Amino acid sequence: MLNLFSDLENQANDEKRKKIGHTNIHYINSGSILTEAKGFMGDYDFTLNPYSGCSFGCNYCYAAFFARSSSDRENWGKWLKVKENALQLLMKWRKKSLIDKTIYISSVTDPYQPIEKELELTRSILKELLNYHKPRLVIQTRSPLVIRDIDLLKQFEVVQVNMTITTDSESVRKAFEPFCPSNKSRLNAIKEITSQGINTCITMTPLLPVNDVYEFTRELIETDVKKFVVQPFHLDKGNFVAGTGSTALEEVEKMKWNNEKYNEVVEIFRKELPWLGEGKKGFAPI
């Protein structure tokens with residue numbers, strides 16, 4: 001009988017999706033799911049990452065710096081780890097209270113990875129938080145898949161969805177974010193979420209080369225989003241550079257994108273957008 005159960009378990013594991021596109025999928029048991037927020041996210045109580053690694057694999061991503069091995073850093077974007085026990089770990093917090101706590105989902109890995117569509121791991125976490133805690137919640141993503149969970153998000157008393165949109169140019173997007181959803185699909189998604197009465201924010205972090213700043217500004221305003229955050233592409237300091245791939249640095253140089261051009265664009269944003277935050281201040285809890 002034990003062998004039968006073992007065989008069934010192995011069969012179930014074999015049936016799990018092992019690859020999506022260019023990304024190898026791994027299934028792991030995590031030691032914890034809520035992490036005390038520190039540093040840049042220090043104004044929050046906890047961060048929560050249902051996944052580690054990333055299928056989107058943006059070539060400028062600072063998160064690659066925090067990968068545990070050189071192999072993982074070098075292959076950033078080609079692997080994703082699913083925290084299979086994430087929901088079970090969160091359920092243990094029912095004995096404690098997360099009411100009025102502020103949680104940021106996710107600080108390192110987008111919670112709406114392509115495989116989330118079939119696994120619904122992030123959705124199960126949202127249900128758990130909604131049914132037992134209703135914390136103050138900020139969700140950070142670059143995936144239109146987040147609109148799937150509008151029904152849950154509308155039930156939180158305090159929630160904000162941040163959509164990352166880094167440029168107005170599809171050619172620029174493809175150079176830096178070749179495996180990410182298109183700019184238009186992200187704009188449409190955040191517009192739909194905003195129309196449902198959910199607090200929203202567009203995060204241009206980092207801001208990549210912009211083709212037409214006035215047209216881009218018009219597109220941003222047409223989403224009806226009232227809050228925007230911007231950060232520069234880090235060229236010369238700290239962990240952000242350490243995690244930035246050579247491809248991204250080469251593209252920035254080729255496109256002649258620098259701090260001066262960044263500041264010119266941001267100055268127009270300041271004049272035209274309803275509210276614009278920069279850096280940590282822009283990401284402050286709602």
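This report describes a sheet and several salt bridges in a predicted model.

## The sheet

Four strands make up an open sheet, and their order across the sheet is β1-β2-β6-β5. The pairing within this sheet is mixed. At its edges lie β1, which covers residues 19-20, and β5, which covers residues 51-53. Each of these two edge strands pairs on one side only.

Strand β5 is joined to β6, residues 79-83, by three bridges. The two strands run antiparallel. Across this pairing, Ser 52 stands opposite Lys 81 in β6.

Side chains of opposite charge can pair when their charged atoms come close. In this model, there are 15 salt bridges. One of them links Lys 16 with Glu 84, whose closest N and O atoms are 2.5 Å apart. Lys 16 belongs to the loop between α1 (2-15) and β1, while Glu 84 belongs to the loop between β6 and α3 (86-91); the pair therefore ties together parts that are 68 residues apart in sequence.

How accessible are the partners?

## Salt bridges within helices

In helix α7, which spans residues 170-176, Arg 173 and Glu 170 are three residues apart, so about one helical turn separates them. Their side chains meet in a salt bridge with an N to O distance of 2.7 Å. Arg 173 counts as buried, at 6% relative accessibility, whereas Glu 170 counts as partly exposed, at 28%.

Helix α12, residues 259-272, holds another such pair: Arg 270 and Glu 267 are three residues apart and are separated by about one helical turn. The salt bridge between their side chains has an N to O distance of 3.0 Å. Here Arg 270 is partly exposed, at 43% relative accessibility, and Glu 267 is also partly exposed, with a relative accessible area of 36%.

Note on methods. Residues are numbered from 1 along each chain as its sequence is written. This is a predicted model: local features need pLDDT of at least 70, side-chain atom pairs count only at pLDDT 80 or more; totals for chains, interfaces and linings use all residues. Side-chain values use heavy atoms; hydrogens and water are left out. Two strands pair if DSSP finds at least two bridges between them. A salt bridge is a side-chain nitrogen of Lys or Arg within 4 Å of a carboxyl oxygen of Asp or Glu. Buried means under 20% relative accessible area, exposed over 50%, partly exposed in between (1.4 Å probe, protein chains only).
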